[in-house]
Amino acid sequence: MAHGSGGKAMRDLIEDVVLGAFYNPELAQLEDQARIDLAELVAQGNRLAMTTDSYVVDPIEFPGGDIGTLAVNGTVNDIAMSGAKPLYLSCGLIIEEGLEIDTLRRILLNMRKAADQAGVQIVTGDTKVVNRGKADKLFINTTGVGVIPEGADISASRAQPGDKVIVNGYVGDHGAVILNARGDLMLEVELETDCQPLNGLVECMREVCPDIHCLRDASRGGVATVLNEFAESSGVAIRLQEADIPVRNEVRGVCEILGLDPLHFANEGKLVAIVPADKAGTVVEAMRQHPAGQGSAIIGEVESGPAGRVTLQTGLGGGRILDMLIGEQLPRIC
Amino acid sequence: RDVSVELMDSHVMFSVSGQVQGVGFRPFVWRLATEMQLTGFVRNNGSGVEIGLCTTREIAGVFEQRLLAEKPDQSRIDSIDIHLLTEPAEWDNYLSDNDSFYILSSDQGSVKTGCTPDMATCPDCLIEIQNAGERRFQYPFTNCTWCGPRLSIITGIPYDRSTTSMKDFNLCPECQSEYDNPADRRFHAQPVACPECGPELLLVNTVGESVNDQKSAESNIRNQQEIAQSVTLLKAGNILAIKGLGGFHLVCDARNQNVVNLLRVRKHRPHKPFAIMVADQKQAEQLCLLTDDAWKLLSSSQSPIVLFYKRDSADLAEGVVPEQNRLGIMLPATPLHHLLMAEFDGPLIMTSGNASGEPQAIDNDEALRTLSDIADYFLINNRRIENRVDDSVVQWGNPITETGHISLMDCSEGRLSCRTEPYQVLRRARGYAPSTIILPEGFESAPSVLAMGGELKNTFCLLEGNRATLSSHMGDMESARSWDQYQQGVERFLMLYQFQPEYIAVDEHPEYLPSKHGEALSDKWQVPVKKVLHHHAHMVACLLDNHYPLNASPVLCLALDGLGMGEDKALWGGELLLGDYRDCSHLAGLKPLPLPGGAKAMREPWRNLLSLAWQIETDQRESILNHPALQNKPVTLVGQMIDNQLNSPLASSTGRLFDAFAAALGLFPDIITYEGQAAIALQMKAESVVHKLDQVQPLAFSLELNPDGKWQLDSSGALAELIERMILLSGGSDARDICFSDEIITEQALAFHKGLAEGLINLVAKSMTQLEVETLPDCLAITGGVSQNSLLLRLLGQQCSKRLPDMQLISHQHIPANDGGISIGQATVVAARYI
Ligand SMILES: [Fe+3]
Ligand SMILES: [Mg+2]
Ligand SMILES: [Zn+2]
Ligand SMILES: [Zn+2]
């Protein structure tokens, strides 16, 4: 171990915890790499989807989830948004010396549970312990691999004028939870993160509408950022109806006080889909049958232009321009 | 021919530049030359108008004098270059015979004419529509070369009927002959029209169906029927959406309280004042006290909305200007409005026809779609508006008030003696835009710059050489519709002016939509983008409004506004700068305060009160937190936001400082429904007791040195003092005992203004001690939206003459001090840097 002087005992303990939590036959072989049978993959589709993400969140545990569930679901969802079936994950841990072993154990078990729920296996991993102050409690990197079924052609550049915009439920919960859990604000609201895997939901959607045009999980930057990316890549405009966007009253209240927009809040179990207009009703119906999509709603539609424009319709007239979130918000209009 | 040429004394060529196209200049020259029995020609060219005369030099001199003295009202001559043709043969290029005077068609290859502003109905056209013998009797679209639509109907160049929305109307033979006749005042008047061949009115209900089912076969009788019926509907208490020159207005009886209330409810506009249209001087004087100069401004061909102090006796419904001492009035600017006003016989509310937060509607379908929840009927017409042109707004600094007090804009006492006319343009639009603004000495060879402007009250600007063209007010870019019109407007102006920028100037704030648009255009054209600090742009707008030469020595500048991006991403809004056209440095400013909730703090004044209170020592703070304005507010949460720097960026905003003190005085603490509402209320309260100025003890704003060695103005002590006074005056012992009696509010509002002015001039004086003695500036520019507060301006003037008697004070007049002046400031900074 190049860095960190956690001591041999500490390291052994951590390795035990990790192996214990993630036990599976692949890992148990203790080779330096996971070995995956190609034939099985080929049977499920014609392209491999692969993504990686590093998770850094403060606090590492919060109502309804922790950094571990985020690390699994985030990567699972990134894979699923291509229409792929997520299959395998890697897991890299960077642990700050002094992290409670019980905390680590809890988080790793939650990771395991999340992986089981999403139907993916954690097949390879790595653990580093670094000196105090060199990391903040725990950082996790996960890489995911999945298989894209033949025919799936989901891309940010495929939104067509007339298409409908769908979300799978309340927007902004996770962002509000994190703000609340940070302890800077003594908000009296009971909210849980929406952190959940979306691959099952996507499968459901693809069954009734194989030709989903765009799909993305609305994590950092929120729904507004995803829609701006779609509008830009597809060269179209998107108009949202404010009244149709599901936002919990508690989240709206937090936003009122903070002066922030729930459409910019991060989500960890919310997707934004753009589907052909004639399929939108059916898709929403199907989504509502799935546990991850009970609050699904059509929130807007795609227009021919101006390219890259997302507007929020609040009444009559042309609506308000909805920007993507870049860095911290500096007020423009005082 | 050669023989006749040799008999002439001279071939004199005049090159006239300035605003000389589209204003009836050529027919004027034709009439003058014909009257003087001169031969020659006149024509438009790329830089203005070219006149050739075959005459003696003496007579040419007389001609020049008369040209200058008798030119059309709308025109402006910047220069006349006179030279003699040495080669008489050149004359052949212009004329085929020398017996008379000709108007030649323009040299289209080099046209770079741009466009002129829309003009209010001229006296000749007014007489015509009132005279039953005229064929344009009561015709609502009457115009001529001296008046009528320009910018609002233009789509391309050269300015010709085919490049305006008049191309849909074929001239009848009578109009055609007027159009062709140089002696006629409709010679080449592109929007010329008559009842036979021109646009027509149509009165419809909210679903677009004609209201009148017994229509005359004669078109002008139909027009008259629609006007008569509209007036009947207005008298019956209906709200009408009426298509005007540059956009729709919402119109109703200004004396009918019920309909005024209804309009407020339907428009979701609880407080913001409505503008009034009056028929004539008599009606205007019933509402406001007018001087001759004020009347001149009101009745000018620009025909702006002018803000005057309202008479207490004004016969208007309560809700027209709730809780304000000023009233915006305007006169009819088109024949339609003249006819409506004559028939209605009383003041009408004439407010912009838009749904809340949206720009004024300009086309019929859009109006029907977006205003059908507000208006009961629509008086539309079939002349398209091609460019939205809002009403201009001018603030009148009347030297005499009704109660006999000295003016709030006293030129001599307030040392604002550089002002030649006591008014300030707040919104530069119909009538003013896009006339050319001549830059001061030194800019003659400036490169061409396109400046994109700010985010709110946006205008954009084209600058080349010593001329700048400021667009009409484009509005707030948060609205998608304004943003669309902005982008189209930029494109259209570039085309109209055949403008190819060498530089693009943008605000320092990267998230302003116009800044992003500038970046995009820069990529497209491979033209460099240059960023300009928001407040440097304000300062430079002020300098050029005062014709300050390019190479004059640096000035000091108090830039007082809501918010703008400063150096190192700091949010500025109350700064002392030192600089010139090219550069500026930051000397001092207000002490930055957190803005809890970011832009939310702009709409909820109590947040600023809390933020300022939060700066005060804990024991004293506790008492202030009992202030009535902070009850039932999430004080603890917002306090935590401030402590934890959660969406609470630091900003040194004068606008928010006004909000904090307004909230402390109980003025709109919860929420404001239009920009500056609380600050305007604070000003108004103070103005109402301006006669107590000498008795009132100013609040003490203290100065402290920040770690960078810059002085900053700390307002928290002044707030603590204010709260203490209010508790004492209320006979209580705690902030919860405060009572908001009018006496307390008005006197303390004045104490705030007086104290802030003292504090700011103190800041200037202290900061000057840090400068080199040999290069001390002797001019202080005051700019930014807050400087539109004429009371503050006057008090700054008084303080300045006491503390810094050698300092010259300058402020704005023709270029808005608010963000409407940002674009011309940006353009000028970049021009100055790369000249
Ligand atoms: Fe500003
Ligand atoms: Mg990712
Ligand atoms: Zn006229
Ligand atoms: Zn005609």
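A crossing of two helices is left-handed if the near helix is turned anticlockwise from the far one by less than a right angle, and right-handed if clockwise. In this predicted model, local features need pLDDT of at least 70 and side-chain atom pairs pLDDT 80 or more, while totals for chains, interfaces and linings use all residues. Residues are numbered from 1 along each chain as its sequence is written, chains are lettered from A and ligands numbered from 1 in the order in which they are written, and side-chain values use heavy atoms, with hydrogens and water left out.

α16(B) passes α18(B) in a right-handed crossing. Helix α16 spans residues 605-613 of chain B, and helix α18 spans residues 635-643 of chain B. Helices here are DSSP runs (H or I, at least four residues), numbered from the N terminus. The two pack at an angle of about 60°, with their axes 10 Å apart. Axes are lines fitted to C-alpha atoms over the stretch in contact, and angles run from 0 to 180 degrees between N-to-C directions. B:Trp606, B:Arg607, B:Leu610 and B:Ser611 in α16(B) meet B:Val635, B:Val638, B:Gly639 and B:Ile642 in α18(B) (contact: heavy atoms within 4.5 Å).

B:Cys125 lies in helix α4 (residues 123-130) of chain B, and B:Cys147 in the loop between α4 and α5 (173-180), 22 residues apart. B:Cys125 is buried, at 0% relative accessibility (buried: under 20% relative accessible area, 1.4 Å probe, protein chains only). B:Cys147 is likewise buried, at 0%.

Definitions and conventions
Buried < 20%, exposed > 50% of the residue type's maximum accessible area, 1.4 Å probe, protein only.
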